[in-house]
Amino acid sequence: MSAVEAKLAELGLTLPEVVPPLAAYQPAVQSGPYVYTSGQLPMLGGKLPVTGKVGAEVTPDEAKELARTCALNALAAVKSVAGDLDRVARVVKVVGFVASATDFTGQPGVINGASELLGEVLGDKGVHARSAVGVAVLPLDAPVEVEVQVELVQP
C-alpha cells in the first residue's frame, strides 16, 4: 500500500474505482510530468447521490461533501495514469464548477471540500492554485464537478 493510500485509510477513506467516461474522453491523461483529470462528478457506486442546484435543492454543506467525493474520484483517475499516488509531487491546480441557484455566491466554500481533502491526504503536496466557478447546469444535473492537475515525480 502506498503512503498516500495509507493516509486515505487513516482518514477512513477508500480510493474508489475510476468513474467511467460519460462521453468521448479519458478520465485522465499524462503530458510530460503532469496529469490532467477530466471533470470528476461526485459519483458513488456509479450514481450521483444528489442532483440539483446548490442554494436550491442542494445545501452548501451537502455540496462541500460532494466536492470531497469529486476530489477522491480525481485521485483515482490520477492513480489510473500514474500507477502510484506516491508519485504525486504536488497538486498544481484545481478547478471546481458549482451548479448554482441564481442567487448563490458561495462557490469557494463548496470547492473548499475538494481543496481540504487534497490537503488532508497529500499534506503540503496538496496545496494548489484554484478556481471556483458558478454555472447554470452540469452533466447529469450534478451539483459539483472538479478537475485536478498534478505534477508527478519522475521515476
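This is a predicted model: local features need pLDDT of at least 70, side-chain atom pairs count only at pLDDT 80 or more; totals for chains, interfaces and linings use all residues.

Which residue in β2 is the bridge partner of serine 31? I checked, and it is tyrosine 34.

β1 and β2 (residues 34–37) run antiparallel, and four bridges join them. I then wrote down the whole sheet: it is open, has five strands in the order β1-β2-β5-β3-β4, and its pairing is mixed. β1 (28–31) and β4 are the edge strands; each has a single partner, so one side of each has no neighbour in the sheet. From one strand to the next, I get an average twist of 15°.

**Helices on the sheet.** I looked at what packs there. α2 touches β1, β2, β3 and β5, and its direction makes about 40° with that of β5. α3 also packs on the sheet, touching β3, β4 and β5, with about 155° between its direction and that of β3.

**The core.** I looked up the largest nonpolar core, which has 38 residues. Leu75, Val110, Leu122, Val144, Val146 and Val150 touch the most other members. Two or more residues come from each of α1 (3–10), α2 (60–82), β3 (88–99), α3 (107–122) and β5 (144–152). α2 gives the most, twelve residues.

Setting aside neighbours within four places in sequence, valine 110 contacts Val54, Pro60, Ala63, Lys64, Ala67, Val98, Phe104 and Val144. Apart from this core I found another one, of seven residues, including Met43, Leu48, Ala99 and Leu138.

**Glycine 109.** This residue lies in helix α3. Is it buried, exposed or in between? Its relative accessibility is 36%, so glycine 109 counts as partly exposed, since buried would need under 20% and exposed over 50%. Glycine 109 and proline 60 are 49 residues apart in sequence, yet their C-alpha atoms are 7.7 Å apart in space.

**Histidine 128.** I found this one in the loop between α3 and β4 (129–135). Its side chain makes a polar contact with the side chain of serine 115, at 2.8 Å. A polar atom of the histidine 128 side chain also lies 2.6 Å from the backbone oxygen of glycine 126. Not counting residues up to four places away in sequence, histidine 128 touches Val91, Val92, Lys93, Val94, Ser115 and Leu118.

**The record.** Last, I checked UniProt: an unreviewed entry places "domain: Endoribonuclease L-PSP/chorismate mutase-like" at residues 5–147. Over that stretch I noted 31% helix and 22% strand, with the end C-alpha atoms 20 Å apart.

Definitions and conventions. Residues are numbered from 1 along each chain as its sequence is written. Side-chain values use heavy atoms; hydrogens and water are left out. A nonpolar core is a set of buried Ala, Val, Leu, Ile, Met, Phe, Trp, Tyr and Cys residues joined through side-chain atoms within 4.5 Å. Buried means under 20% relative accessible area, exposed over 50%, partly exposed in between (1.4 Å probe, protein chains only). Contact means heavy atoms within 4.5 Å. A polar contact is a pair of N or O atoms within 3.5 Å; within protein, one must be able to donate a hydrogen and the other to accept it, and residues adjacent in sequence count only if both atoms are side-chain atoms. UniProt positions are given in the numbering used here, feature names are shortened, and annotations may be inferred rather than shown by experiment. Two strands pair if DSSP finds at least two bridges between them. Axes are lines fitted to C-alpha atoms, for helices over the stretch in contact, and angles run from 0 to 180 degrees between N-to-C directions.
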